[in-house]
Amino acid sequence: MTAALDHDRHQAQHALAEALRAILPATAVLASDESLRPYECDGLSAYRQLPLAVVLPETVEQVQAILRLCHARMIPVVARGAGTGLSGGALPHADGVLLSLARFNKILSIDPEQRIARVQPGVRNLAISEATKPYGLYYAPDPSSQIACSIGGNVAENSGGVHCLKYGLTVHNILRVEMLTLDGELLTLGSEALDSAGYDLLALITGSEGMLGVITEITVRLLPIPERAQVVLAAFDAIEKAGQAVGDIIGAGVIPAGLEMMDRLAIRAAEDFVHAGYPECEAILLCELDGTNEEVSQHILQVRELLLAAGAIEVRTERDEAERLRFWKGRKAAFPAVGRLSPDYYCMDGTIPRRHLPQVLKRIGELSREYHLPVANVFHAGDGNLHPLILYDANKPGELERTEAFGGKILELCVAVGGTITGEHGVGMEKIDQMCVQFQAAELQQFHAVKAAFDPDGLLNPGKAVPTLHRCAEFGAMHVHRGQLAHPDLERF
Amino acid sequence: MLTAADIVEQVRAAAARNSALAICAGGSKDFLGRRTQGTPLDVSDLRGIVHYEPTELVITARAGTPLAEIEATLAERGQMLGFEPPHFGPTATLGGTIACGLSGPARPFRGAARDFVLGAKIVNAKGEMLSFGGEVMKNVAGYDVSRLLCGAYGTLGVVLEISLKVLPRPASEITLALELDEGDACARMRDWQRAPLPLSGLCYAGNRLYVRLSGAEQAVGAARRRLGGEVDMRGAAFWEQLREQRGAFFDGGGELWRLSVPPTTHALAVTGQQLIDWGGALRWFKTAQDATRVFAAARAAGGHAMRFRGAADAQQIFQPLPAPLLALHRRLKQAFDPHGMFNPGRMYAEF
């Protein structure tokens, strides 16, 4: 049986590779198991799948030809940028083509007068800011993977970063995309102007996780590099006080460029790893202020006072660039630092209304004891985006499953307090079941209708981002949601 | 009092009769866009602020809530709507403001209406109440339907409730005015936007360049010394008039066109008087020129035009869409409203 299936798969793979080689250069088609292996997963390595073939086109015409071929043969297509995503959004489809945009890696133009850059989707996020620095400009969204992640992937996920409370997400910082639909039609969404005629399709495409089209070019908006940036570090003996301080700062009318929180376990891990000089305490806040020289001076004084009034046991203002980098080093190294404490860790990505922080952290602590798995909490405190890191050991039988169950509970907790299951990593494959908790059947159906308007045959990244109602019924998300059962119209089995 | 359930009822009834609905409230923006047919669906009694959390920069209000009430509530806590929406009269509501998606002079510096939309509750054509997005800044679960509703002129559904990100009011704000010719003014607008300055408005009108500076007191003071010019004591009134398209340039009859173009656009092939806002990215024209020419000029510049005021019924108001995009618009409209029930023809004759 298995041998027969293997044989069928091999046949299908062979036929597909032949057809792809007829429209692409030989080096742009991979179809042997060894050559496919590097593409079997993205940044979420717990999920792995080999596609039938990987294609590495270099021109829009080649992408068009691939999509038309796949459309004609009804073969699923999964687009992939740098493969750094954390939700399995670029996980290949077993019967599909993985479309890598890695060779779309050119910055096409920089216009400093208009403050825009036209880039191909495979360009790395940080490469844009590096290229525009000589003009005194930069691209604001800075996901933690910015050294490696691609701008195309950023658009697909609507990536955020440390600075998005003040500077917004990807959706706020792009002006235009060129996109191919599955039938090979090239669409321009947005423009170099600040708005466009018709529906805001640019907003709809941003964060659509490769479900609606394949992006082949992006025009990003650039900002002037701030004159000055300075960080204040505050230590607290209770996480509630740190949470309160965040509200006090924002309520006082100061919007920090970055506002990050770490709990005791995350602090200790970071300290052991990079020796950032963090104090021993229950929570630290890192508050970065940027703007003109005068503005930063004024805000630093104001923020120091607010932090002390909120009960900070220690407040340090960075004295020089070296100290600023050291303050940030611990936060930026938090994930790998936590990784040293345990063979594996699982990063969650819920967002909550910040006023519920103490109760959510308390409940996460309880769950941690129930599941016998430690958690370190790193938090984009300014915008309520929580990254609990669950420590586990994949080699211990059952521990990954227990971790996923624990993670699922955390996400459901985020929904219960009025938040969301994903702030910036996307739903992908990972959180597909929790979508059944966050959305009602009618809302999921509306999403499917939107997808069908772009991709009626459902061939782009099938099975990701939006669950079928059938899947939700199987998942058994029979939660009481806004006073009603999630899927009253479905049979239960 | 009108409730969301009443709206659901009315939508279901209209669907059963197969009749169109013209969603309305204060009527302040009736002059925008194309005329629509259908039974009026008045949502002005669906009002009230549902939730406001100043320390989290978020407000949620029902669609019929007067815009003025929202702004007054925010002002009490030293906050504001960052996109500086036009009102077009005291009856303006939040729902209409988001449906039309217009933003004021601060748009290039603080963002557009859609940038501040965090979530929305709507009724679709099946009479189902749907909720998208939420009250948090970062939320990537599901497609971003709430932002799609912004600027859709009510053609995708009846908006019941909207959550918006709000901003602190700047501690200090001044307006500078400089007497300059157009070339000089454009050059300065271009250069200043490349510099880290606390700008919140850049408009060239009647041979004067108006510069609004907002932020921490010392930052505004330093920028003022750097940019020169004189402080215009009537600055606040100037920006308010500009936001509402009132004042010397705008008053009077005739056609008023809004052209949204790349900010460094030089000469546009449009005749008539021009006012430049958004640091160069928004051009207002008073012109009697043929519409096809204005649309062509906007397209040639890489932007789009909208006949803002003074159009006769049934005329093209918005920039014609290229065929593949128009087809996509129709499919998307059908995804929400398969029988064309909501505000048919309000944006384009085709949907």
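Reader: What distance separates the centres of domain 1 of chain A and domain 4 of chain A?
Author: This is a predicted model. In chain A, domain 1 covers 2–100 and domain 4 covers 342–416. Taken over C-alpha atoms, the separation of their centres is 33 Å.

Reader: Which residues of helix α12 of chain A are buried?
Author: Helix α12 of chain A spans residues 334–341. Its buried residues are Ala334(A), Ala337(A) and Val338(A).

Reader: Why do the buried residues of α12(A) line one face of the helix?
Author: An α-helix has 3.6 residues a turn, so residues three or four places apart point the same way. Look down the axis of α12(A): its buried residues line one face because they fall within an arc of 95°.

Reader: Which elements do the buried residues of α12(A) pack against?
Author: The buried residues in question are Ala334(A), Ala337(A) and Val338(A). Their partners in chain A include two helices, α9 (264–274) and α11 (321–332). The strands of chain A that they pack against are β13 (258–263), β16 (344–347), β18 (375–380) and β19 (385–392).

Reader: At what angle do helix α8 and helix α13 of chain A pack?
Author: Two packed helices are described by the angle between their axes and the distance between the axes. Here α8 (residues 239–251) and α13 (residues 357–371) of chain A have axes 9 Å apart. The crossing of α8(A) past α13(A) is right-handed. The packing angle is about 150°.

Reader: How do the residues of the contact of α8(A) with α13(A) divide by class?
Author: Helix α8(A) brings Ile239(A), Glu240(A) and Gly243(A). Helix α13(A) brings Leu357(A), Pro358(A) and Leu361(A). By class they are four nonpolar, one polar and one charged.

Reader: Is Leu459(A) buried or exposed?
Author: Leu459(A) sits in the loop between α16 (441–454) and α17 (469–475) of chain A. The cut-off for burial is 20 or more other C-beta atoms within 10 Å. Leu459(A) has 21 C-beta neighbours inside 10 Å, so it counts as buried.

Reader: Which residues does Leu459(A) touch, not counting residues up to four places away in sequence?
Author: Val77(A) is one of them. Leu459(A) and Val77(A) are 382 residues apart along the chain, yet their C-alpha atoms are separated by 6.1 Å.

Reader: How many residues of domain 3 of chain B are in contact with domain 2 of chain B?
Author: Domain 2 of chain B runs 172–243, and domain 3 runs 256–309. Their C-alpha centres lie 22 Å apart. Domain 2 of chain B puts in nine residues; domain 3 of chain B puts in six.

Reader: Which element gives the most to the side of chain B that touches chain A?
Author: The contact takes 66 residues from chain B and 75 residues from chain A. Elements giving two or more residues to the chain B side include α4 (107–110), β7 (129–133), α8 (217–227) and α11 (323–336). By class, that side has 34 nonpolar, 19 polar and 13 charged residues. With seven residues, the top contributor is α11(B).

Notes
Residues numbered from 1 in each chain as written. Chains lettered and ligands numbered in written order. Predicted model: local features only at pLDDT ≥ 70, side-chain atom pairs only at ≥ 80, totals over all residues. Buried ≥ 20, exposed ≤ 12 C-beta atoms within 10 Å, placed from the backbone. Helix = DSSP H or I, 4+ residues; strand = E, 2+ residues; numbered from the N terminus. Arc of directions from axis to C-beta. Contact = placed C-beta atoms within 7 Å. Domains from an automatic or database assignment. Axes fitted to C-alpha atoms, helices over the stretch in contact; angles between N-to-C directions. Left-handed = near helix turned anticlockwise from the far one by under 90°. Nonpolar A, V, L, I, M, F, W, Y, C, P; charged D, E, K, R; others polar.
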